[in-house]
Structure formats: structure tokens, C-alpha cells
Amino acid sequence: MDLFVIERYNGDVSKAEPDASASKSSHLQRLLSKIEEKKRIAAQLALEKEQEEKKKLEKKSLRQKVKAAKYEAKKNERSIKKPEETKLKEKKPKDKKGAGNKLPNSKTIGNFTILGDDNLGGKKSEVEAQLPHWLASPSTFSVDLQNLTVSIDDVPQLDKDLIEKLRSNKVTHFFPVQQQVIPALLEAQGKPLQFWPRDVCVSAPTGSGKTYAFVLPIVQALRHRFVRHVRALIVLPVQDLATQVFKVFQEFTKGITDLKAVCINAKESFEFEQSLLVNYSEANKKHYSCADIVVTTPGRLVDHLKSTNGFSLHHLKYLVIDEADRVLESVQDDWLYHLENHLHPDQTRRVASLTIKDTALRRPPPQKLLFSATLSSDPELLKELNLFQPRLFTSVVVSGSSTEQTEISSFVGKFSTPAEITEQWVLCDPDTKPLYLYSLISEGNWNTVIVFANTIESVHRLAVLMKHLLQDTKGVAEVSSTLTHIEREKILKKLVSGSVNVLVCSDAFSRGIDIPNVDCVISYDVPKHLKTYIHRVGRTGRAGRKGTAVSLLVERQKPKFMKMLKDAEKDATVKEKIVDTSSIKALEDVYKSALTSLKEDIMTEQVIKVKNIRQKKQFKNKSRKVRTSGSEPLLSKRRGVKPTSKVTILKQKYARKLRKVLSK
Ligand SMILES: Nc1ncnc2c1ncn2[C@@H]1O[C@H](COP(=O)(O)OP(=O)(O)OP(=O)(O)O)[C@@H](O)[C@H]1O
């Protein structure tokens, strides 16, 4: 418009000649500034438009993210409803006040919005496990073994002779775990075939009577069978536990039922065990089962599944896994895989029938019963067992004040010890630690004490040292896996009878072993895991009796031990026991002389060991020579003298040499 005006008023400019050039330049200035102004406005508009575009894009991507998150949440919700599955869910950050439409954790610098959290090194949000419904909502029972309410006569499903047997074993009332589990198992087996029994997992403290909780219903349910087949299989982690449980089965079957229980744990030869399991009838050309109940260990079970002709588990009604968490950890010969393959050779596994006809044709699968004081709640591990609509019985109760989410996760891994046990810890000086043990044992008013050390070597050294220190007052013995099963049994019998008062052992004996009269358990070496601690401590305070458990620590072990107790929510109940250091100082001379004796003993043992190896080598060489010549037996035959066996000759020679070494 201005430009147009300039051309139209040319004539006026000539009239006012002197100001013409000045007004022209000022006009030009105005024009130029207007142009600048317009440019600035245009640039601002473009910038605003660009920002608007950007915001639109951000909003769009945010909408997409929210949509994706909603979809994920729905997916998680659906999968949580399915049993035996775990999902990990991150805790939602708390909604900050006044956050409005702003994204959580977003930051604005100028016109830019930084999305997400840039604090990579900061505290990570807590992750909580979400358990399947059956694990999250167990049937709980009390741990009180003092005020028992259910008499043995109050369970009508049990036959009179079984009740009489219980009474003869000084059992008058059922413990809480038995009160719950025995009727549940008997009820499940009483249903028609179409109703497959639900599998059962039981987590109850040590010494709370879990063994009777499966022995009694199994014997009751099987005692009226007609044809003998293996109908109950009990798997335990180690030989000694298998023997112990087998003895309980024998107690309740022998003399009062026709049932036959056998123990297959490599204590006897393989051939003998085969004869206990099956019998071959030449007349019928058929194998017959000789056992109704088989108590075994994972490795030995696989051996028989592979090599014993006619050993069949196709009529199995019960599969019990005692100390289940330990047995499941055992990868021994992949026992679970072999067992599953044997039980379901057609790979059908445990899938429920779809039609009535199908149901009638199929035999119900064995009911799986898992027992432990530290039962794994890891659904991944339990899934391997292919459990059928499992049900959990546990004594671990969570306080009612917690939210549903905390309840679900906090029952996991929280193992309890019997209330009758007084738990303590002692801080020791590492140089004189054995003296603390000596002082505890000699001053404590205990008749039977079990001492746990972490390795076989330290078990042996500690046992020898304690023998020297306690020689006049207490009988000391050691057990470890280096001894044979029979030797171990003998020592355990001595402990029960009272001729041995202090037993030093490794963790091979921390689980399941039931010695009723143990007054105190001492962990000379700190247990590495919470589960080990729970099982060690559980060797005392069994069946409602009182007990003491002491853990010896050196300063550097204290934080880890305390954390372990805190994880188990036991930090408030396990108290420090102060040992008088002046009494320890007074014992130092006795300790020094005991240490010298220990050194001598270990040296002698080394010498004997070396001699033993040499003897064995010589024996091998000689027997090779004798086999090739064969003169000695022939000569004696001719003379009519019974030949002395080569083993006897060598034994005599070895005994002579041993006597010489010992006399030195
Ligand atoms: N109802 C009862 N009354 C009295 N004593 C009982 C009763 N039930 C079991 N016992 C005794 O309690 C002791 C411990 O039982 P058991 O060995 O079954 O415990 P557990 O729960 O299996 O322990 P762990 O987890 O250490 O193996 C046994 O000596 C057993 O005879």
C-alpha cells in the first residue's frame, strides 16, 4: 500500500523540495522496519506451527505407549489366572501430586521434554513374585505341639489296629500337620475313579510329624487290596533317610496288615534288591511283584527301572517325595524324567479325560505328595513335577495386616523352626574357636549334642580334637559320608542309647534324621544357606521337646549370618550368648596339648593311609602272580590241608604291620 502511495504522490515531493530527501529516507526506514516486523512475525508463526506439530507427534506416541501398556497388563492378568505360572510384575511408581498430563519421570528443559528416567544408577524398583493361586492361598495349620486337641480315636477313617499301633508308640493325639493331611488324603482316595485325587504339598517345621502324615493314610488305603502290585513309591534324598522311613512303614504294616514294604537304597546288593521287588514264575512265564510299598533313593530307583525285569509302577497310587526340595534339586540320573517316562510311556502325561468313555478306560494317575520343612515355592521347579490341581498345606502364617500382594509373596521362603528351640549365636575369637565349643559342651547341661562342620576334613579334625579335650567326660564320635551305611547306623544307635554324647557330623546328616533325645545342636561352621540352618537346628526340639541351637561366628561372618536371620524374620528371636573370655584363656594350655595330640594322630593316620595304598598295590600284584602260577592251592589240595585264602594272608600281614606302626 505504501509503495503504491509513493508513486501516486510524486508531485507533492517537488513542492516541498528541501524536506523531500529527509522524508523519503524516513519513509524508507519505516518501510524497512515494517518488512522486518513482518519477517519476525512469519518466523514466529512458523516456529509455533512447528512446535504444535511436535506436540501432536508426542501425544500420538504417548497414546500408543499407553495402549501397549494396557495390552500388556491385560495379558499379564490373563496369565496370572492360569495355575502354575509366575509373572514378575514391577511395582508401579507412586503417582506424584500435581503431575497432571505430564509423563511420570519426565523432565522439561526449555522447549524440550525428556521422556523416561535418566537416573540409571539410582535405586531400582522392587520386583515381586506373583505366585499361582494354589501356592498363594494355602490351607494353614498351627505349629503348637503342646496343646493338641485331636485324639487318635477322633479320625474314624483309620482302622482300630493302626490306632492301637500308634498308642503302643506313645502317640495319643495327632500333631497339627497330621490332623489336616491324614483325613484329606483318605478322603481323596475314597472318591470314585473319575475324580482324580489332587496332588498335595506339605510344608511343616522339622520334627512336626510329617512322616506319619503320609505313612498312616497310605497303609490305611492299601491294606484292603487284593493283588500285590507296587502301589506306593517313596523317594528320599539319601540312604539313611530311606532306611528311617522304611522302618516306620514296617512298624505299621508288619503283623497287622498283609502289605509288604521294601527298602531299595543300595544297602544290599543289586541282585538281592531285585529279588525283593519281583518274582518270576516259570510256570506262568510271568513276573509278579513282591512289594506293595517301595522306599528308595533317586539313583537306585533309576537303576531298577532300567535293569530289573518285571519291575513295574503302572499300578502306582501314591508317589511320595519326602524332603522334596532336596530331592528335586537332585539331578541324579535324571530320575524324574525316567520315572515320568515309566509312568506315562505313551507320553499322555496327566491330561484330564474329555469323555466319560475315556475316563473309564484310563487309570487315575498316582497322587503326588510332597513333604519338606523347606518346601520350594519356586513354581518353575514344581512345574517339572507336573502336579495335578495341587493343594498346599503349610504352617507358615502371614500376619493379617499385610496387603494381599505382600501376603502372596511373603509366605515364600519364610521357613519356621519349632517354638521349643532356643536359638543363640556366640561371637568367637578365630584362634581359639574350638575352645568355645569345648566350653559350651562342658558347661552346658546337655546329654546329647550334635556338632555340624562344613567339610568332611574339618568334621574329622574337630572330632579328634574333641576326643582329646573331652576324653574323661563325654563319648565323642563322628559320622560322614566316608563311613559305610552300616557303620553310620551303629554310631547313630550309640547316640540314641547314650554311649555317645557328642556327635560331630557334616550336613549329610542335617536333614530328616530323627534322633529324639538331642538336647543341643551346635553349628561350629556357620551354615551357608538358610535352608541348611533350618534343617541343622531341627535335629533338636523334635516332637514338642525342648532344645537349644547355637551358632559359632567369627566377626567377619556376623553380617552375613545376621542377614540370613533377617531374611527368615528370625533376627529378633535369635539372641547372642556371651561366653566368658577369661574361662577360655584359662583353657589355653589344655588346648595346646590337645592340638599336639591332634597333629600326632593325623600324622599316624597319614602313615597308615600310605601303607594301606602300598598294601593294596602289592596285593594286586601278588594276586596276579598267584592267578598265573596257581601252585599254593594245588599243593595244599595234595596235602589235604584247607588252603589259606589270599585275602586272609594279606590281612594278617597288614595287621602285623599296623601293630608295628602303632607301637612306634
Ligand atoms: N502325634 C505324635 N505324637 C507324638 N510323637 C509323634 C507324633 N507324630 C510324630 N511323632 C514323633 O515325632 C518325631 C518327628 O517326626 P518326623 O520324623 O515325622 O518329623 P518330620 O516332620 O518329618 O521332621 P523333619 O522335617 O526333620 O524330617 C518322630 O520321632 C515321631 O515318632
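Student: What does the side chain of Asp292 make a polar contact with?
Tutor: In this predicted model, the Asp292 side chain makes a polar contact with the side chain of Arg228, at 3.1 Å. A polar contact is a pair of N or O atoms within 3.5 Å; within protein, one must be able to donate a hydrogen and the other to accept it, and residues adjacent in sequence count only if both atoms are side-chain atoms.

Student: Where is Asp292 found?
Tutor: Asp292 sits in the loop between β10 (286-289) and β11 (293-296). Helices (H or I, at least four residues) and strands (E, at least two) are DSSP runs, numbered from the N terminus.

Student: Is Asp292 buried or exposed, and why?
Tutor: Asp292 counts as buried because its relative accessibility is 1%. Buried means under 20% relative accessible area, exposed over 50%, and partly exposed in between, with a 1.4 Å probe and protein chains only.

Student: Which residues does Asp292 touch?
Tutor: Not counting residues up to four places away in sequence, Asp292 touches Leu222, Arg225, Arg228, His229, Val230, Arg231, Ala232, Asp258, Leu259 and Lys260. Contact here means heavy atoms within 4.5 Å.

Student: Before we go on, what are the ground rules for the numbers?
Tutor: Residues are numbered from 1 along each chain as its sequence is written, and side-chain values use heavy atoms, with hydrogens and water left out. As this is a predicted model, local features need pLDDT of at least 70 and side-chain atom pairs count only at pLDDT 80 or more, while totals for chains, interfaces and linings use all residues.

Student: OK, ligand next. Which residues are closest to the ligand?
Tutor: The ligand is surrounded by 19 residues, and the closest are Gln178, Gly207, Lys210, Thr211 and Asp514. A residue counts as near if one of its heavy atoms lies within 4 Å of the molecule.

Student: What polar atoms lie by the ligand's nitrogen and oxygen atoms?
Tutor: A nitrogen atom of the ligand lies 2.8 Å from a polar side-chain atom of Gln178. An oxygen atom of the ligand is 2.7 Å from an N or O atom in the Thr211 side chain, and an oxygen atom is 3.2 Å from a polar backbone atom of Gly209. On its own the ligand has 650 Å² of accessible area, and the protein covers 87% of that. Accessible areas come from the Shrake-Rupley method with a 1.4 Å probe; for residues, only the protein chains shown count as cover.

Student: Switching topic: which residue other than glycine has a positive phi?
Tutor: Gln389 has a positive phi of about 35°, and Ala543 has one of about 55°. Most residues other than glycine have a negative phi.

Student: Where are Gln389 and Ala543 found?
Tutor: Gln389 is in the loop between α14 (379-383) and β14, and Ala543 is in the loop between α19 (530-537) and β20 (547-554). Gln389 is partly exposed, with a relative accessible area of 48%; Ala543 is partly exposed too, at 34%.

Student: What does UniProt list for residues 436-591?
Tutor: The unreviewed UniProt entry lists them as "domain: Helicase C-terminal"; positions follow the numbering used here, feature names are shortened, and annotations may be inferred rather than shown by experiment. Over residues 436-591 the chain is 40% helix and 17% strand, with the end C-alpha atoms 11 Å apart.

Student: What is Val476 in contact with?
Tutor: Leaving aside neighbours within four places in sequence, Val476 contacts Ala463, Met466, Lys467, Leu470, Val502 and Val504. Val476 is in strand β17 (residues 476-479) and is buried, with a relative accessible area of 13%.

Student: Last one: how many helices and strands are in the chain?
Tutor: The chain has 24 helices and 21 strands, and 41% of its 664 residues count as buried.
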